[in-house]
Amino acid sequence: SEAARQAGAAAAPTTVPGRMAVTKTVLPNQATALTGVDRSLPIAAIAIGFRGGVRVETDNTQGLSNLVAQLLTKGTAKRNASQIAEEVESLGGSLEPFSGRDGFGIVLQLLSQDVEQGLALVNELVTQPAFSEEELAIQRALITNQLKAQEDEIFDFGGRLLRQSLFGTHPYRFNPLGERSTISGLTRRQCVEFAKRWLVPSNMVVAVFGDLDERAIARHLARSFGAIPAKAAEWPDRLPESPPTDVRQVSRTMEKEQTLILLGFSGSTHAAPDREAIDVMTAILSGMSGRLFQSVREQHGLSYTLGAAHSPGWDPGSLVVYAATRPEEQTKVLEVIDEQLQLAADKGFTEDEVTRAKRFLIGGHRMDLQHLVGLAKQSVLDELYGLGYDAWMKYEDEINAVTIAQVNEAAKRYLTLQRHSQVVISPNGRH
């Protein structure tokens, strides 16, 4: 019951992830610092993020944000890639770059006793990147191999076609890894300019979570990240969109046993007021007890894989419904999905479906909170994207507050069967 849940929350010590006290400080140069104390394990996580990602790329610079993120961990003015790797190893840590739709950055996990040394390292990586020609060549080759591998993966290939169709002229149509043709042409100078433009304090959030001395960390952050010269980044507030005005259809063949069906609809923004309602709706459509699975698998015995996923963005993202099935069932599966989505948009959902979906989302969220690194990265991105660093703390309450009317409204608004993109990839010779 709600009372029992609140009693449990009140009794829980402040060290339980999800109940961590996080302090936000805006440094004089406009960099944002987040510190969170969690004494449950002798570990710490440092995450630093910047607005960027595919949203600031062009046709010719596809993959630049990801390339820069990778290169940040591969050399500074003081040390090369192997020296950085050695230091991370000596800290018993792991260092991971990331780059996506709207942002990029680095995450470092390490023992909490070494957190100040880790902070000094991360500061060096983002303030003195070398972007050496040698490392640039290595990363280009690695990314090209990743892209080759993606071309043979039916979901990656389909996803790329769907993004291109759904987003039209918006940069969200780009693959975060770039394209083979663009990667080979990206230069050191472009990397340096990208870094100059986006690795600036006003565009930066750094989080330090773990078993740490908050005062010492605050002093360290002010001395290091707070000392970077202030500079503004011209992050565009809203880019023009070109969502589908009718049904955009794309068909391709691949040497695969199965057929992949993807339906893409315009999604919401990170901070949209109906974001939680869309997440509940997506969960209803997605789960094994969900509507699509039940009607396609249970009633018709069709399809192998089935689900739905909502990916919000700074600009409206995407809502995707997917199914992998036997080629001969393709037409039937498409019919059943269309019928079910139309039914959801027209008639809405039941209380029972909404309750189950909420339980599923909250369970998944609690699992995510168990990883300090994931939590640090989540807080950084939520703060960068305007949701606030503590959005994960309010998540359960916000999901619980979603009403059946809001979920039904989301279905009407987003499941636009007259306006969407459809991608079908089938084996050769069968359509």
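## The open sheet

In this predicted model, five strands form an open sheet with mixed pairing, in the order E7-E11-E8-E10-E9, where strands (E, at least two residues) and helices (H or I, at least four) are DSSP runs numbered from the N terminus and two strands pair if DSSP finds at least two bridges between them. Strand E7 (247-254) and strand E9 (305-311) are the edge strands, each of them pairing on one side only. On average, neighbouring strands of the sheet are turned by 15 degrees against each other, direction ignored.

E7 runs parallel to strand E11 (residues 420-427), to which eight bridges join it, and valine 250 stands opposite valine 423 in E11.

## Helices on the sheet

Helix H6 (residues 154-167) lies across E7, strand E8 (259-266), E9, strand E10 (318-325) and E11, and runs at about 30 degrees to E8; axes are lines fitted to C-alpha atoms, for helices over the stretch in contact, and angles run from 0 to 180 degrees between N-to-C directions. Helix H12 (residues 330-347) also packs on the sheet, where H12 touches E8, E9, E10 and E11, and its direction makes about 25 degrees with that of E8.

## A helix crossing

The axes of helix H10 (residues 275-286) and helix H16 (residues 404-414) cross at roughly 80 degrees and come within 8 Å. H10 and H16 are therefore roughly perpendicular to each other (angles of 65 to 115 degrees count as such).

In their contact (heavy atoms within 4.5 Å), Ala277, Ile278, Val280, Met281 and Ile284 of H10 meet Gln406, Val407, Ala410, Ala411 and Tyr414 of H16. Of the residues of this contact, nine are nonpolar, one is polar and none is charged, where Ala, Val, Leu, Ile, Met, Phe, Trp, Tyr, Cys and Pro count as nonpolar, Asp, Glu, Lys and Arg as charged, and the others, Gly among them, as polar.

## Aromatic pairs

The structure holds six aromatic pairs, that is, rings of Phe, Tyr and Trp (its six-membered ring) whose centres lie within 6.5 Å. Tryptophan 198 and tryptophan 235 form an edge-to-face pair, with 6.0 Å centre to centre and 90 degrees between the planes (over 60 degrees counts as edge-to-face). This pair links distant parts of the chain, 37 residues apart, with tryptophan 198 in helix H8 (residues 188-198) and tryptophan 235 in the loop between helix H9 (214-223) and E7.

## Confidence and conventions

The protein has a mean pLDDT (the predictor's confidence in each residue, from 0 to 100) of 92, and 95% of its residues reach 70 or more. Over residues 1-18, pLDDT stays under 50, and the model has 19 contacts beyond four places in sequence for them. Where pLDDT is low, the predicted coordinates should not be read in detail.

Residues are numbered from 1 along each chain as its sequence is written, and side-chain values use heavy atoms, with hydrogens and water left out. Local features need pLDDT of at least 70 and side-chain atom pairs count only at pLDDT 80 or more, whereas totals for chains, interfaces and linings use all residues.

Methods. Parallel < 35°, antiparallel > 145°, perpendicular 65-115°, else oblique. Phe/Tyr/Trp six-rings, centres within 6.5 Å; stacked < 30°, edge-to-face > 60°.
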